[in-house]
Amino acid sequence: MKRDTRLTRTGQETRGAEGPINPSIVRASTLRFSSLERMRDVRARRDTGERIFSYGARGTPTAFELEDALCELEGGARSFLYPSGLCGIGSVFLAILGAGDHVAVVDTVYPPVRKFCERVLKRNRVGVSFFAPGVRSLEAVLRTDTRLVYAESPGFGTFEILDIPAIAELTKRRSIPLCVDNTWSAGYFCQPLALGADIAVQAVTKYICGYSDLMMGAVVATEQWWRPLHEFGTDLGICVSPDDAYIALRGLRSLSARLRRHEENGLRLATVLSESDEVERVLHPAFPSCPGHEIWKRDFSGASGLFSIALRPDLVDKSDQFVESLRLFGLGSSWGGYQSLVLPIDPSPLRTATAWTGARRLVRISAGLEDPDDLIEDLKTALAAIA
Ligand SMILES: *Cc1c(COP(=O)(O)O)cnc(C)c1O
């Protein structure tokens, strides 16, 4: 079966043809066992790493269904769920790194991850180096004690696409696990694990949910790397509610249809904006002006609806006014939902490995599922207001 078909079926084989299409929401802390022997057997299997329903905090059947679908999406061996995307990312760091270790993190990382590195990791005596988005700059910061490479593609706000296969070649040679934040592609347009990465993380909060009403993170790992993540989650009692797992799984079932529309709307808006006098530059991986565009063409099967623009230098100071003139684009940060959003971004203070030389102020746009003609009219009116 093709992938879109599989994504509407995962986890259902065991339920047979009769009964509801969707899984039950199994709310549980305690599980009762029929005998002590049975209880001991389940616990023993659980302690070897087998995914088995044993206690609420160790995952419910509803959460297992979502995990299966995420493994299918990202092409991994095991997947783990977290109360937010950021919690999933922090868990990867803490599961793999200890005092005296070093981690290399891409300079264009989601800003709260940088803060996590600067506060939590430093306090735990983990060395952190940021590298400019490119293989050479990564190679320059790698050390003998580097135990993790953390990448995000495309980059936060500025959309540089990383050469994951080239980075993976470098990390594999040194047996360093490579973790990639794959939220932008939703796991649908790109599979970092197939490109050589060991761990893929995603904010399920964004496209997989799709309705701006859920917080969740997911980590999908290869056979070689799932164990430390499994152990860390167990040791900390990390779990998600079965109700939230159900909502996320329902979102995942319609991901392919929604993402195609996000892609189409994003491309329409980006094209119109790129042709507008008031716009200096469009930062969208599907546009040749975006760093890594050729890599995007090679490694991604499409583009989601999130991109940025820079206004003409003489209009850059009016970016806030432009944002506030928009009527259909909500002012908000957590993208991937059905309503279009807009956010001013200043990349300069977010970079430490290299200085940002582009526009002082960018405007990030999350294209929702509205009729693109309405969105375009709104953008044109707001541009005219500042011109
Ligand atoms: C939003 C986001 C996260 C964090 O997800 P939350 O669920 O909001 O914690 C991580 N990475 C990227 C790229 C994001 O956009």
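At what angle do the axes of helix H3 (residues 61–74) and helix H9 (residues 242–253) cross?

## Packing of H3 and H9

In this predicted model, the axes of helix H3 and helix H9 cross at roughly 35 degrees and come within 8 Å. The crossing of H3 and H9 is left-handed.

On the H3 side, the contact is formed by Thr62, Ala63, Glu65, Leu66, Ala69, Leu70 and Leu73. Helix H9 contributes Pro242, Ala245, Tyr246, Ala248, Leu249 and Leu252. Sorted by class, the residues in this contact comprise 11 nonpolar, one polar and one charged.

## Overall fold and dimensions

The chain contains 13 helices and 12 strands. Its radius of gyration is 22 Å, close to the 21 Å that the globule rule gives for 387 residues, so the chain is as compact as a globular protein of that length. Taken along the principal axes, the box filled by the C-alpha atoms is roughly 75 × 55 × 35 Å.

## Burial, contacts and surface

Of the 387 residues in the chain, 56% are buried. Contacts across the sequence were also counted: among those between residues at least 6 apart in sequence, 72% join residues at least 24 apart.

Key:
Residues numbered from 1 in each chain as written. Predicted model: local features only at pLDDT ≥ 70, side-chain atom pairs only at ≥ 80, totals over all residues. Heavy atoms only, no water. Axes fitted to C-alpha atoms, helices over the stretch in contact; angles between N-to-C directions. Helix = DSSP H or I, 4+ residues; strand = E, 2+ residues; numbered from the N terminus. Left-handed = near helix turned anticlockwise from the far one by under 90°. Contact = heavy atoms within 4.5 Å. Nonpolar A, V, L, I, M, F, W, Y, C, P; charged D, E, K, R; others polar. Rg over C-alpha atoms; globule rule 2.2 N^0.38 Å. Buried < 20%, exposed > 50% of the residue type's maximum accessible area, 1.4 Å probe, protein only.
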